[in-house]
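Thanks for coming. Please have a look at it first.

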Amino acid sequence: MTNRRATTTALTPARRAAGLFAGLVLGVAVLAGCSSENATTDCGLDACTVTFDRGVDASANVLGIEAKLIGAQDDQVTVEVAGEQLTLTTGQQATEVGGFTVSVDSVTDSNVTIRVARNPGN
């Protein structure tokens with residue numbers, strides 16, 4: 001009979017750090033939790049860019065709130081963010097609503113892009 005020693009492999013600091021980083025990235029993605037209908041989102045920790053399709057009901061859940069495109073004409077956009085309706089103009093300074101700032105990045109014939117960010121003062 002042969003006796004074999006069980007060996008345990010200790011995690012190297014680099015592997016441990018890589019595992020922690022992967023867990024952190026996954027946790028942030030779950031916490032940011034974005035979903036959308038007729039829109040695309042690009043989110044970081046404290047801000048999201050939302051591109052809405054025009055001519056359809058479009059909405060996105062980002063940073064724990066809902067953003068909806070209500071309408072757009074020329075460079076004016078009406079959106080509902082965190083339950084409040086705002087009319088914004090392209091290039092206008094960001095407007096504060098419910099602990100967030102909202103601004104219009106661009107308006108085209110096919111879509112509207114806004115930026116929603118956590119207000120750093122809150």
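I will start with a pair of strands. β2 and strand β3, residues 47–53, run antiparallel and are joined by five bridges. Within that pairing, Asp 42 has Thr 49 in β3 as its bridge partner. Two strands count as paired if DSSP finds at least two bridges between them.

Before going on, a word on the source. This is a predicted model, with local features needing pLDDT of at least 70 and side-chain atom pairs counting only at pLDDT 80 or more, while totals for chains, interfaces and linings use all residues. Residues are numbered from 1 along each chain as its sequence is written, and side-chain values use heavy atoms, with hydrogens and water left out.

Now the sheet. β2 and β3 belong to an open sheet of five strands, in the order β2-β3-β10-β9-β8, with antiparallel pairing. Its edge strands are β2, 39–43, and β8, 95–97, and each of these pairs on one side only. On average, neighbouring strands of this sheet are turned by 25° against each other, direction ignored. For that angle, the axes are lines fitted to C-alpha atoms, and angles run from 0 to 180 degrees between N-to-C directions.

Next, the hairpins. Strand β5, residues 65–73, runs antiparallel to strand β6, residues 76–81, and six bridges join them. Lys 68 has Glu 80 in β6 as its bridge partner. Two residues lie between β5 and β6 in this hairpin, and Asp 74 in the turn has a positive phi of about 55°.

β6 also pairs with strand β7, residues 84–89, in the antiparallel sense, over six bridges. Here Val 81 stands opposite Glu 84 in β7. This hairpin too has two residues between its strands, and Ala 82 in the turn has a positive phi of about 55°.

Leaving aside neighbours within four places in sequence, Glu 37 is in contact (heavy atoms within 4.5 Å) with Asp 57, Ala 58 and Ser 59. The C-alpha atoms of Glu 37 and Ala 58 are 5.5 Å apart, across 21 residues of chain.

Technical notes. Helices (H or I, at least four residues) and strands (E, at least two) are DSSP runs, numbered from the N terminus.
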